[in-house]
Amino acid sequence: MINLNEIPRTYKEGIDLLAAWHGGVNNTTSIYSLDDNSEHVIRFVEISPDFSDQDELRPLRMGASHDFPYSSEVLLVSETDWQYVQNGRKTLPSGWDRNALRRIWPNGVPS
Amino acid sequence: MASQADAFLIQARSDFRVFELLWAQDLNTYPECHALQHLQMATEKMSKAMLLTLDPERELMSHVAFREVVPILNRPDIARRLGYNQNPKAFRDLIDRRRSWFRSIEQLSPSVGTNPHGGGSEGPNVEYPWQARDIHTRVIWYAPAEYNFDVSKDMRSRDGQQFLLVIRQLLERLPEIIQPA
């Protein structure tokens, strides 16, 4: 069980906590992590029917803070856009390797 | 030549770019108040651009504007223009759930207080120090640079990320999303 009020102490805890924050509110969101080997930036691709279609997929970036000591880059992707990504009609941002995505929500993270 | 609405939109886009730049920094080094100040300014000017698009004669006297665009945004055609093609209700639900954020972001400005009858803020704001009681009921001064704003935590949430994306989309495509009657 993840305590959503705790400050994460490790990169993995940071990933698990942010996934629980973003995925926990409903069961329509799938979250993939693009792990950063230097363990500074938590990168998520989040897919949901609740998200809007976009011309260009660009992440929302936020720096580390006192209660979340990792930078985050979150890409919100509609189900339609995710199909386009999978069939090559749209691309992930530069440097984001689709083959390196690791599914972490709803499977893989204890709720 | 740019109209007044165009000019507000140009400035709002610039404010938002600075917000995104500051928001991506280490917020322990560059405190969140600075990024949030630019978010407040961007949303205020974006809202004024929207209001002027719909009524070029409208007088814009105060910093209160963001809350006034809620009824403009909360329409199925706007939802679809924002990209909620498959599920416009999801946009309505987001706005309904987070209606209070429009006001919270406005109130980051020291010129917008929490008093419903108007007046400036005498409490937390992103620009000037304020006095308040600590947990021991002592009156002390707070500096925005050392204060943790609820808005900051809200914007890291799933809805917060969507909210910021809506603002980014509005800024980038306002003329096609909001059209005069």
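Helices α5(B) and α8(B) are roughly perpendicular to each other because their axes cross at roughly 110°. The axes come within 11 Å. This is a predicted model, in which local features need pLDDT of at least 70, side-chain atom pairs count only at pLDDT 80 or more, and totals for chains, interfaces and linings use all residues. Residues are numbered from 1 along each chain as its sequence is written, chains are lettered from A and ligands numbered from 1 in the order in which they are written, and side-chain values use heavy atoms, with hydrogens and water left out.

**Helix α5 against α8, chain B**

- Helix α5 of chain B covers residues 88–97. Helices (H or I, at least four residues) and strands (E, at least two) are DSSP runs, numbered from the N terminus.
- Axes are lines fitted to C-alpha atoms, for helices over the stretch in contact, and angles run from 0 to 180 degrees between N-to-C directions.
- Angles under 35 degrees count as roughly parallel, over 145 as roughly antiparallel, 65 to 115 as roughly perpendicular and the rest as oblique.
- From α5(B), B:Phe91, B:Leu94 and B:Arg97 take part in the contact (heavy atoms within 4.5 Å). From α8(B), the partners are B:Asp159, B:Gln162, B:Phe163 and B:Val166.
- Four nonpolar, one polar and two charged residues make up this contact of α5(B) with α8(B). Ala, Val, Leu, Ile, Met, Phe, Trp, Tyr, Cys and Pro count as nonpolar, Asp, Glu, Lys and Arg as charged, and the others, Gly among them, as polar.

**Helix α6 against α8, chain B**

- Helix α6 (residues 99–106) of chain B has an axis that comes within 12 Å of that of α8(B), crossing at roughly 70°. That angle makes α6(B) roughly perpendicular to α8(B).
- The crossing of α6(B) past α8(B) is right-handed. A crossing is left-handed if the near helix is turned anticlockwise from the far one by less than a right angle, and right-handed if clockwise.
- B:Trp101, B:Phe102 and B:Ile105 of α6(B) make the contact with B:Asp159, B:Gly160 and B:Phe163 of α8(B).
- The residues of the α6(B)–α8(B) contact are four nonpolar, one polar and one charged.

**Helix α1 against α8, chain B**

- Helix α1 (residues 4–23) and helix α8 (residues 158–177) of chain B have axes within 10 Å that cross at roughly 150°. They are therefore roughly antiparallel to each other.
- α1(B) passes α8(B) in a left-handed crossing.
- On the α1(B) side, contact residues include B:Leu9, B:Phe16 and B:Trp23. On the α8(B) side, B:Leu164, B:Ile167 and B:Leu171 are among them.
- This contact of α1(B) with α8(B) holds ten nonpolar, no polar and four charged residues.

**Interface of chains A and B**

- Chain B gives 28 residues to the contact and chain A gives 32 residues.
- About 2,600 Å² is buried between the chains, with 50% of it from carbon and sulfur atoms. Buried area is the accessible area (1.4 Å probe) that two parts lose on being put together, summed over both.
- B:Arg156, B:Arg158 and B:Gln161 lose the most area in chain B, together 33% of what that side buries.
- Two salt bridges are counted between chain B and chain A. A salt bridge is a side-chain nitrogen of Lys or Arg within 4 Å of a carboxyl oxygen of Asp or Glu.
- A:Asp50 and B:Arg158 pair in a salt bridge at 3.6 Å, N to O.

**Salt bridges overall**

- The whole structure has 23 salt bridges over all chains.
- B:Lys45 and B:Asp15 form a salt bridge, with their closest N and O atoms 2.6 Å apart. The pair links distant parts of the chain, 30 residues apart: B:Lys45 is in helix α2 (residues 32–54) and B:Asp15 in helix α1.

**Backbone and loops**

- Most residues other than glycine have a negative phi, and most peptide bonds are trans.
- A:Glu39 has a positive phi of about 60° although it is not a glycine. A:Glu39 sits in the loop between β1 (30–33) and β2 (41–48) of chain A.
- A:Trp105 and A:Pro106 are joined by a cis peptide bond, with omega about 10°. A:Pro106 lies in the segment after β5 (102–105) of chain A.
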